[in-house]
Amino acid sequence: MIITRRAFTTMLSLTGLAAFAGLSPLRFISDAMAQSAADVAKPVSLPDMALGPKDAAVTITEYASMTCPHCAAFNEQVFPKIKKEYIDAGKVRYIFREFPLDIKAAAGSMLSRCIAKDDAPKYFAVTDMLFRQQNDWVVKNTTETLTRIGKQAGLTQQQVEACLKDQALLDKIAADQKYASDVLKVDSTPTFFINGEKIKGEASFEEFAKKINPLLKS
């Protein structure tokens with residue numbers, strides 16, 4: 001387990017979460033297997049949250065941490081252009097997968113899952129909100145802000161608390177993260193796969209277009 005049961009219970013207690021703002025990144029596993037498009041394609045424990053048609057010629061898979069500032073910058077500056085140009089046009093299927101670098105990122109991902117359930121557009125909307133309010137809930141008032149966002153989305157405080165203490169959900173996120181680390185060699189965020197080809201770091205829209213357009217023509 002990358003995120004341990006005991007650590008999670010302690011860190012996500014509603015009275016003690018904020019004390020862990022300086023938690024170091026989770027340990028990554030280095031002896032990874034070579035990835036392939038098939039390895040990237042299959043969801044492991046959690047159902048994929050995706051936008052765009054399943055039969056699109058191009059599939060982009062993003063691994064991101066909700067506390068990662070580079071992920072937030074990509075979400076604000078680049079993703080909307082990809083969505084407008086490719087996803088909304090039915091040319092690209094876009095999959096977002098959680099790769100939490102700390103316990104707060106795991107909490108944000110869990111809240112997105114709890115709010116959205118199986119509604120992918122809603123999941124992307126909540127994730128966008130969390131990225132845009134990253135400074136509020138990561139640096140300052142973690143518990144209060146996550147609770148407020150949950151309530152705005154229709155959850156009660158009790159439901160938010162139950163979500164953030166859901167060990168089964170955390171186990172699935174951790175299992176998927178371990179698979180990404182072991183098999184796909186993901187070791188930083190954001191990391192992208194375009195039809196299986198890895199791109200590390202916060203790439204520009206133009207860099208994505210250079211990769212996507214030839215695949216659409218082939």
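Visitor: Hi! Before we look at the sheet, when do two strands count as paired?
Guide: Two strands pair if DSSP finds at least two bridges between them. Keep in mind that this is a predicted model.

Visitor: Okay, so what order do the strands of the open sheet have?
Guide: The open sheet has 5 strands in the order 1-3-2-4-5, and the pairing is mixed.

Visitor: Which strands stand at the edges?
Guide: Those are strand 1 (49-51) and strand 5 (197-200). Each has a single partner strand, so one side of each is left without a neighbour in the sheet.

Visitor: How many bridges join strand 2 to strand 3?
Guide: There are 7 bridges between strand 2 (residues 58-64) and strand 3 (residues 92-98), and the two run parallel. Look for Thr-61, which stands opposite Ile-95 in strand 3.

Visitor: And what does helix 4 lie across?
Guide: Helix 4 (residues 79-87) lies across strand 1, strand 2 and strand 3, at about 145 degrees to strand 3.

Visitor: Switching to the core: which residues touch the most other members?
Guide: In the largest nonpolar core, with 44 residues, they are Ile-60, Phe-74, Ile-82, Tyr-94, Phe-124 and Phe-208. Helix 6 gives the most to this core, with 6 residues.

Visitor: What is Ile-82 in contact with?
Guide: Leaving aside neighbours within four places in sequence, the contacts of Ile-82 include Ile-60, Phe-74, Tyr-94 and Phe-208.

Visitor: Last one: what do the buried residues of helix 8 pack against?
Guide: They pack against helix 5 (103-116), helix 6 (120-132), helix 7 (134-140) and helix 9 (157-164). Among those buried residues are Leu-146 and Ile-149. Just after helix 8, Gly-154 takes a positive phi of about 105 degrees.

Notes. Residues are numbered from 1 along each chain as its sequence is written. This is a predicted model: local features need pLDDT of at least 70, side-chain atom pairs count only at pLDDT 80 or more; totals for chains, interfaces and linings use all residues. Side-chain values use heavy atoms; hydrogens and water are left out. Buried means under 20% relative accessible area, exposed over 50%, partly exposed in between (1.4 Å probe, protein chains only). Helices (H or I, at least four residues) and strands (E, at least two) are DSSP runs, numbered from the N terminus. Contact means heavy atoms within 4.5 Å. Axes are lines fitted to C-alpha atoms, for helices over the stretch in contact, and angles run from 0 to 180 degrees between N-to-C directions. A nonpolar core is a set of buried Ala, Val, Leu, Ile, Met, Phe, Trp, Tyr and Cys residues joined through side-chain atoms within 4.5 Å.
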